[in-house]
Amino acid sequence: MKITVTNTALLNAGDAAIMAGTDAILRDIFGSDIRVELRDQQAEDSRAAYGDYRVEETLYGALESLPDDTRRPGLVRLMTAAALWRTPLGNLARRLVPPRVRAVMDGYAESDLIVSAGGTYLVPHYRIRPKLLELLAARLMRRPYVLFTQSLGPFPRDRILLRAIFAGAHAVLVRDSRSVEHLLDLGVRGDRIAICADAAFALAGRPTPVPEARNKLRVGISVRDWPHGGSDADGAMQNYVSAVAKLVRHLTEGSGAEVTFVSTCQGAGSYWTDDSAVADRVVAEIGRENADRVQVDRSFRSPQQLMDHLAGYDMYVSTRMHGAILALCAGVPVLPIAYEFKTNELFKRLGMEEIVQDLTSISGTALCRTCRMILDNRAAYRERIREILPDLRESAYAAGQAVAIGLERNR
C-alpha cells in the first residue's frame with residue numbers, strides 16, 4: 001500500500017512531530033510494510049534534514065519551480081489533465097503538463113491513499129489555495145484522500161472550493177469542537193468528521209532522559225513573530241515582547257532561574273521564519289544584568305531530540321503549540337501563550353484553560369503570576385500530565401480507525 005502525505009513542512013519541528021505521529025498511526029492501522037511518501041513545501045532541504053523519509057515536492061511547488069522560460073499550465077489545463085490522468089486519455093493528459101509537474105501527478109495517481117498533513121494551515125490568515133491544489137488534483141484523479149488531524153476555519157473566502165474539497169474527502173479529522181463548527185457551517189456532513197487528539201501525542205510514551213538533580217530552576221521559553229494581531233499588530237507584538245521580558249526578569253532575579261529560549265522553529269536557515277529573532281528582541285529588552293542567566297538556543301532539532309531536550313526543564317513557557325505538546329509528552333508543565341484558538345481548545349481539553357495567556361492582549365503581570373503558580377505546584381502538574389497522556393495518545397491513534405472507516409464507507 002502506498003500512502004502519500006502532502007502539505008508537510010518538516011523544517012518546522014512541530015510539523016515534523018505531527019508527521020512522526022502520523023507515520024506511527026498509519027502504520028498501526030495499515031501495517032508496518034506500507035510505503036509512505038511525503039510531499040513537502042521545501043522538499044530538498046527537508047530530505048536532507050530527515051533522511052529516513054522519502055520526500056518529494058508538492059504539485060504547487062513543482063509549478064512554482066518551473067524555469068521562467070517554461071510555459072506554466074493554467075489551472076484549467078492542470079485540472080483537466082488531473083481528471084483525464086487515470087482514463088484511456090491518460091497519454092493526452094500527460095502531454096498537457098511539463099515533466100516536472102507530470103512526476104508529481106504520477107506520484108499522486110499511483111497512491112492508494114493521499115493524506116493532507118495535520119496542522120493548522122486552512123485558516124484565514126494563511127494562503128490556503130496552494131494547499132487545496134493538492135487535494136483538488138487528488139479528487140479529480142479519483143484517489144481517496146483524507147485531511148489528517150488539524151484545526152481549521154473559519155472560512156470567509158473560497159467557500160465553494162472548500163466545500164468541494166471537503167465533500168470529496170473520505171474523512172476530515174479535527175482536534176477541537178470549534179473546527180467542527182466551522183465545517184458544519186460550511187455544509188460538511190457530520191459523519192465525515194472525527195475529533196481526535198493531535199497526531200504528535202502519538203509520541204507520548206517514548207522514553208526521554210531523566211532530568212539531572214540541580215539547585216537552580218531551569219525554564220524554557222518559546223516565542224514567535226505574530227503579524228496578525230489586528231489593526232495594531234506592531235503594538236500587540238511589542239506588548240508581547242515586553243511581557244515575556246518581564247517574565248524573564250522575574251525568573252532570573254526573583255527565582256535565580258536559568259532561562260533558555262528554545263522553539264520548534266529555529267536553526268533551519270531556509271525555513272520562512274526563525275523564532276530566535278524574536279528571542280533576541282526579548283533579550284535586548286531585559287538588560288545586561290540578567291544576560292548571564294539567559295540563553296538563546298539556535299539549534300535545529302528533530303521532534304525526538306527536542307522532546308529529549310525539553311525533558312530537562314522544570315517548566316516550559318510555550319507560544320508554539322507543538323513545543324507545548326512535546327513538552328507535555330516529556331512530562332514537563334507548560335504555560336501556554338495562545339495566538340490561535342487551537343491552543344485554547346487544547347488546554348480546555350486538558351482541563352487547564354485557566355492558565356492560557358493570549359498573545360495579542362498579554363499582561364506581563366498575569367504571565368508572571370501564572371508562572372509562579374505553576375512552578376510552586378509543578379509536582380501536581382507533572383502528576384496531572386502523567387494521568388492524561390495515555391488518553392491523549394489513545395485519542396491520537398484513533399485517527400487511524402477513523403481513516404479506515406472512511407475508506408470502507410466509500411469503497
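Me: What volume does the largest pocket have?
Reply: The largest pocket comes out at about 810 Å³. This is a predicted model, so to speak of local features pLDDT has to be at least 70, side-chain atom pairs count only at pLDDT 80 or more, and totals for chains, interfaces and linings use all residues. Residues are numbered from 1 along each chain as its sequence is written, and side-chain values use heavy atoms, with hydrogens and water left out.

Me: How is a pocket defined here?
Reply: On a 1 Å grid over the protein atoms alone, a pocket is an open set of points where a 1.4 Å probe fits, with protein on both sides within 12 Å along at least five of seven lines. Lining residues have an atom within 4 Å of a point. The volume is the space filled by probe spheres set on the points, which are joined across faces, edges and corners.

Me: Which residues lie nearest the centre of the largest pocket?
Reply: Ala-9, Gln-41, Lys-131, Tyr-271 and Trp-272, out of 30 lining residues. The elements giving two or more residues to that lining are helices H1 (13-30), H3 (59-64), H7 (129-140) and H13 (321-329). Helices (H or I, at least four residues) and strands (E, at least two) are DSSP runs, numbered from the N terminus.

Me: How many bridges join S6 to S7?
Reply: Three, with S6 (residues 171-174) and S7 running parallel. Val-172 stands opposite Ile-193 in S7. Strand S4 (residues 113-116) and S5 also pair in the parallel sense over three bridges, and there Ile-114 faces Tyr-145 in S5.

Me: Why is S5 described as largely enclosed?
Reply: Because six of the six residues of S5 (residues 145-150) are buried. Buried means under 20% relative accessible area, exposed is over 50%, and partly exposed is in between (1.4 Å probe, protein chains only).

Me: And the six-strand sheet, what order does it have?
Reply: S10-S9-S8-S11-S12-S13, open and with parallel pairing. S10 (294-296) and S13 (357-358) are the edge strands, each pairing on one side only. S9 (residues 258-261) connects to S10 through three bridges, again in parallel, and Val-259 stands opposite Val-294 in S10.

Me: Which strands does H15 touch?
Reply: Helix H15 (residues 364-376) packs on the sheet against S11, S12 and S13, and its direction makes about 155 degrees with that of S12. H13 lies across S11 (315-318) and S12, at about 165 degrees to S11. Contact means heavy atoms within 4.5 Å. Axes are lines fitted to C-alpha atoms, for helices over the stretch in contact, and angles run from 0 to 180 degrees between N-to-C directions.

Me: What does its side chain make a polar contact with?
Reply: The side chain of His-125, at 2.5 Å. A polar contact is a pair of N or O atoms within 3.5 Å; within protein, one must be able to donate a hydrogen and the other to accept it, and residues adjacent in sequence count only if both atoms are side-chain atoms. Leaving aside neighbours within four places in sequence, Glu-340 is in contact with Thr-120, Val-123, His-125, Tyr-126 and Trp-226.

Me: What about phi of Arg-142?
Reply: Positive at about 60 degrees, although Arg-142 is not a glycine. Arg-142 lies in the loop between H7 and S5 and is partly exposed at 45% relative accessibility.

Note on methods
Pairing = 2+ DSSP bridges.
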